[in-house]
Amino acid sequence: MGFLDKLRSKKNEPTVVATVTINQSDLRAAGTSVEAKLVDYEALQKAEDQASKVRGKHYTEWGDDLDRLRKDGPEDEYLALVLDCVDGAERAAKVNGREPAPAYTERAAVVYRRRKDYAAEVAVLQRWEDVCPPERRGPGATQPKLLVRKAKALELLASTGS
């Protein structure tokens, strides 16, 4: 769970965990203030929102467009948008301390497998693994699937001699 997750409720608003009495002299000694902490949160939220942008929208807002492109659009356009979403997810993860959303990496890997481009499939899966080491991974079914997919892609790559 990342820093922002701990501060947010399910409605994406700061969560109040307790009422705290703060000794002003302790804050001065620490070189901070309650106002400074709130400003830090707001700055962090703004930075995450900015980092998450892909072609003017949050990367998670591209799901319907990706589904349409996957069915009806040129595969190259679909893959380009998926890879842009991978970039957005990685940028956001650098800001918020969570793992990047693995679903976009999986979508890219599926395209590469269909194209029999096993080297590109391994590369995109390794990219996710590099930015999301085991200690940063949250719960979810996709993370283990990516590891299994990478092992299979490595086998396929070795069998083709590429």
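**Close-up views of a predicted model**

**View 1. Helices α4 and α5 form a left-handed crossing.** A crossing is left-handed if the near helix is turned anticlockwise from the far one by less than a right angle, and right-handed if clockwise. This is a predicted model: local features need pLDDT of at least 70, side-chain atom pairs count only at pLDDT 80 or more, and totals for chains, interfaces and linings use all residues. Residues are numbered from 1 along each chain as its sequence is written, and side-chain values use heavy atoms, with hydrogens and water left out.

The axes of α4 (residues 63-72) and α5 (residues 75-96) come within 9 Å and cross at roughly 155°. Axes are lines fitted to C-alpha atoms, for helices over the stretch in contact, and angles run from 0 to 180 degrees between N-to-C directions. That makes α4 roughly antiparallel to α5 (over 145 degrees).

**View 2. Residues of α4 meet residues of α5.** From α4 come L66, L69 and R70. From α5 come E77, Y78, L81, V82 and C85. Contact means heavy atoms within 4.5 Å. By class, this contact has six nonpolar, no polar and two charged residues. Ala, Val, Leu, Ile, Met, Phe, Trp, Tyr, Cys and Pro count as nonpolar; Asp, Glu, Lys and Arg as charged; the others, Gly among them, as polar.

**View 3. Helix α7 spans residues 118-131.** Its 14 residues reach 20 Å from first C-alpha to last, close to the 20 Å expected at 1.5 Å a residue. The expected span is 1.5 Å times one less than the number of residues. Y118, A120, E121, V122, V124, L125 and W128 of α7 are buried. Buried means under 20% relative accessible area, exposed over 50%, partly exposed in between (1.4 Å probe, protein chains only). The cover over these residues includes α5, α6 (102-114) and α8 (142-160).

View 4. R55 lies between β1 (53-54) and β2 (57-58). K116 lies in the loop between α6 and α7. K116 is exposed, with a relative accessible area of 61%.

**View 5. The protein chain has eight helices and two strands.** Helices (H or I, at least four residues) and strands (E, at least two) are DSSP runs, numbered from the N terminus. From that end, the elements run α-α-α-β-β-α-α-α-α-α. Of the 162 residues, 33% count as buried. Among contacts between residues at least 6 apart in sequence, 67% join residues at least 24 apart.

Conventions:
Angles under 35 degrees count as roughly parallel, over 145 as roughly antiparallel, 65 to 115 as roughly perpendicular and the rest as oblique.
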